[in-house]
Structures are given as structure tokens and as C-alpha cells.
Amino acid sequence: MLEHKENLFEGWSQVFSVKEVLFKKKTEHQELVIFDSATFGRVMALDGVIQTTEKDEFVYHEMLTHVPILAHGGVRQVLVIGGGDGAMLREVLKHASVAEVTHVEIDREVIDICERYLPRHSDGAFRDERVKQVIADGVDFVNETLDRYDVIISDSTDPIGPGEALYTRSFYAGCHRCLREKGILVTQNGSAFMQTDEIVTTAKRLKPLFEDCAFYGAAVPTYVGGIMAFAWASDEPSHRATSLAVLKERYTQAELATRYYTPEIHQAAFALPRFLVEAIEG
Ligand code: SAM
């Protein structure tokens with residue numbers, strides 16, 4: 001059987017058994033592959049790095065959307081950067097309180113191909129009237145837009161290729177610029193165990209910009225290397241301290257059907273292993 005080998009980390013790979021390659025092409029920005037795997041359903045990889053699988057995508061998308069939205073409690077405008085597979089939009093749109101989602105993706109082909117081969121990811125989100133689609137580099141958008149957002153979600157690739165721009169001071173400053181007062185920025189920040197340096201760099205770049213910077217985590221099986229870390233930044237420290245009772249009330253009111261997120265996991269996700277706390281605190 002064919003195999004897809006991901007070499008994200010020096011000297012350590014994960015290998016998928018491939019039943020069928022459904023799409024493969026070098027787009028304007030990256031190499032895009034979608035294959036049907038023996039274990040995780042359909043899988044999308046960009047420049048060889050696993051982006052999402054049908055079997056475990058819900059963990060990542062639920063934790064990068066419902067944690068900031070339920071902590072905030074009054075989200076109307078959301079900005080999603082990256083996320084060309086559409087699953088982040090799908091989860092944000094589950095919140096009836098959200099009036100508009102702006103989706104900024106650099107590679108139009110990722111959207112088109114994922115809508116065709118990973119339809120359950122977007123589940124119609126790209127056609128939702130609340131979604132405003134923009135094809136642009138996220139770092140340019142956040143530094144130029146006149147719009148303001150309650151939550152910004154950076155659902156980027158790893159800091160290689162086009163994704164690198166979404167880990168820069170310029171990007172974080174641009175996010176701070178277009179966040180509303182009490183707004184929250186969350187980003188994917190890689191494996192806590194294997195990409196600790198990237199997390200430390202993000203912390204150093206966010207701390208001068210925001211009152212409250214933290215990280216939270218979730219275990220996503222195909223993002224190998226232990227818990228996946230998510231950066232959190234806001235000028236409203238109280239959001240991160242939202243009580244379990246309030247989270248439960250908001251979760252119930254939102255009538256969310258989740259498979260990973262619970263208010264208890266929301267709170268527990270911010271408890272980080274000591275090695276990571278010490279690395280972040282320097
Ligand atoms: N869940 C994945 C992960 O954690 O690695 C990310 C999934 S999503 C497919 C990543 C998206 O970021 C891709 O659609 C890619 O085209 C987009 N992207 C990369 N760099 C970008 C940039 N500078 N501006 C906007 N979108 C970008």
C-alpha cells in the first residue's frame with residue numbers, strides 16, 4: 001500500500017497508509033495533497049505536513065473556537081485567518097450570537113479543493129451568508145483592515161512557507177490593532193513538546209502587546225508530539241478566569257453539539273506541564 005510520510009521533525013516521522021490519492025498539485029503557494037487513509041479517513045497535507053484529518057479534526061476546531069467564544073460571552077464579529085478547509089468556520093457559525101465571520105485565506109485553491117474532497121469539514125460554511133471571504137495574506141489584512149473583531153483565530157500552517165508570516169511581531173501587532181476592546185486572539189502554536197521554542201518565541205512577541213498572554217492545549221492524535229499548544233492573548237484578563245458555572249451556562253445556551261469540548265476541559269486546558277510553564281516564563 002502507498003504511504004504518506006510526514007517529516008515535520010528532524011529524525012522523527014509519522015507514516016499514513018494511503019488507500020487512494022484524491023488530489024495532488026503545487027498551488028501558487030504550497031503543495032496540496034488530499035488522500036484517503038487507512039486509519040484517519042481523508043487527510044489533507046500542505047508541503048508534506050499533515051493539516052487535518054476527517055477522524056480527529058473536531059478536537060482542534062472545537063478548542064480553537066468554543067474556548068475564546070464562550071470565555072468572552074458577547075462575540076459578534078470573528079476573524080478566521082488561514083483555515084482553508086473550512087472546519088473553523090463551521091464551528092464558529094454554530095454560535096447564533098455571531099453576526100459575521102471574516103475568513104482570510106492566502107490560497108484560494110485550498111478552499112476549492114477542500115470543499116470538494118473534505119465536504120464535512122466546511123459543511124456548507126463557505127456559503128453561509130454570515131461569512132465574508134477574503135483571499136489575502138493574513139499579516140497584510142490585520143495591518144490594513146478598517147474592521148474590528150471580538151475574536152481572532154489564527155488557524156495557520158506551521159511557521160514554514162506562507163505560514164511563517166503568521167508568527168511575526170507584525171502579525172501579532174496587527175491582530176492587537178484590529179481586536180475590539182476586550183477582544184481575544186487565539187492561534188495554533190504547534191506541539192508543546194516538539195516545538196517548545198516556537199511557543200517561547202510567540203510568548204515573547206505577545207507579552208509586550210497584550211495584558212494577558214497564556215497557552216492552552218489539547219491532544220490531537222495526528223499533530224504528533226503530545227499536546228498541541230494554542231496561544232491566547234487579550235487585554236481583558238477576566239476572560240481567562242470565566243467561572244465553570246458561567247461556562248456551563250453559556251455552553252448550554254449556545255446549544256453546541258461538541259465531541260471534545262466541555263466546560264471542564266475548557267478550564268483544564270490552561271493547566272500546562274511544568275516544563276512548558278518554565279520555558280514560557282523564561
Ligand atoms: N490545522 C492546521 C494546523 O494546525 O497546522 C492548519 C490548517 S489550515 C489548512 C492552514 C491554512 O493556513 C491553509 O489553508 C493555508 O493556505 C493558510 N495560510 C498559510 N499561510 C497563510 C497566510 N500568510 N495568510 C493566510 N492564510 C495562510
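Thr222 sits in the loop between β11 and β12; helices (H or I, at least four residues) and strands (E, at least two) are DSSP runs, numbered from the N terminus. Thr222 is buried, at a relative accessible area of 2%. Buried means under 20% relative accessible area, exposed over 50%, and partly exposed in between, with a 1.4 Å probe and protein chains only. Between Thr222 and Ile34 lie 15 Å in space, C-alpha to C-alpha, and 188 residues in sequence.

The model is predicted: local features need pLDDT of at least 70, side-chain atom pairs count only at pLDDT 80 or more, and totals for chains, interfaces and linings use all residues. Residues are numbered from 1 along each chain as its sequence is written, and side-chain values use heavy atoms, with hydrogens and water left out.

Two further loops carry residues with positive phi. Asp47 belongs to the loop between β4 and β5. Its phi is near 50°, a positive value in a residue other than glycine. Asp47 is partly exposed, with a relative accessible area of 40%. Glu255 lies in the loop between α8 and α9 (263-268). For Glu255, too, phi is near 50°, positive in a non-glycine residue. Glu255 is exposed, with a relative accessible area of 71%.

Now the interior. A nonpolar core is a set of buried Ala, Val, Leu, Ile, Met, Phe, Trp, Tyr and Cys residues joined through side-chain atoms within 4.5 Å. The largest has 40 residues, and Val78, Val101, Ile153, Tyr216 and Trp232 have the most contacts inside it. Elements supplying at least two residues each include α1 (57-72), β6 (77-82), β9 (149-155), β11 (212-219) and β12 (227-234). The largest share, nine residues, comes from α1. Another core lies apart from this one; it has 28 residues, among them Leu166, Ala192, Phe210 and Ala233.

On a 1 Å grid over the protein atoms alone, a cavity is a set of points where a 1.4 Å probe fits but cannot get out; lining residues have an atom within 4 Å of a point. Grid points are joined across faces, edges and corners, and a volume is the space filled by probe spheres set on the points. The count is two cavities of 30 Å³ or more.

The largest cavity has a volume of about 460 Å³. It is lined by 39 residues; closest to its centre are Gln51, Asp155, Ser156, Thr157 and Asp158. The largest share of this lining, four residues, comes from β5. By class, the lining has 17 nonpolar, 16 polar and six charged residues. Ala, Val, Leu, Ile, Met, Phe, Trp, Tyr, Cys and Pro count as nonpolar, Asp, Glu, Lys and Arg as charged, and the others, Gly among them, as polar. Domain 1 (2-53) and domain 2 (57-281) each give at least three residues to the lining of the largest cavity; the bounds come from an automatic or database domain assignment.

The second largest cavity has a volume of about 60 Å³. Asp47 returns here, in a lining with Gln30, Leu46, Val49, Gln51, Thr157, Asp158, Ile160 and Pro162. Four of the lining residues are nonpolar, three polar and two charged.

Last, the cysteines. The whole structure has zero disulfides; a disulfide is a pair of cysteine sulfur atoms within 2.5 Å. The closest cysteine sulfur to that of Cys175 is in Cys178, 5.8 Å away, too far for a bond. Cys213 is in no disulfide either; its nearest cysteine sulfur, that of Cys175, is 12 Å away. Cys175 is buried, with a relative accessible area of 0%.

Technical notes
1 Å grid on protein atoms, 1.4 Å probe; cavity = no way out; pocket = protein on both sides within 12 Å on 5 of 7 lines; lining within 4 Å.
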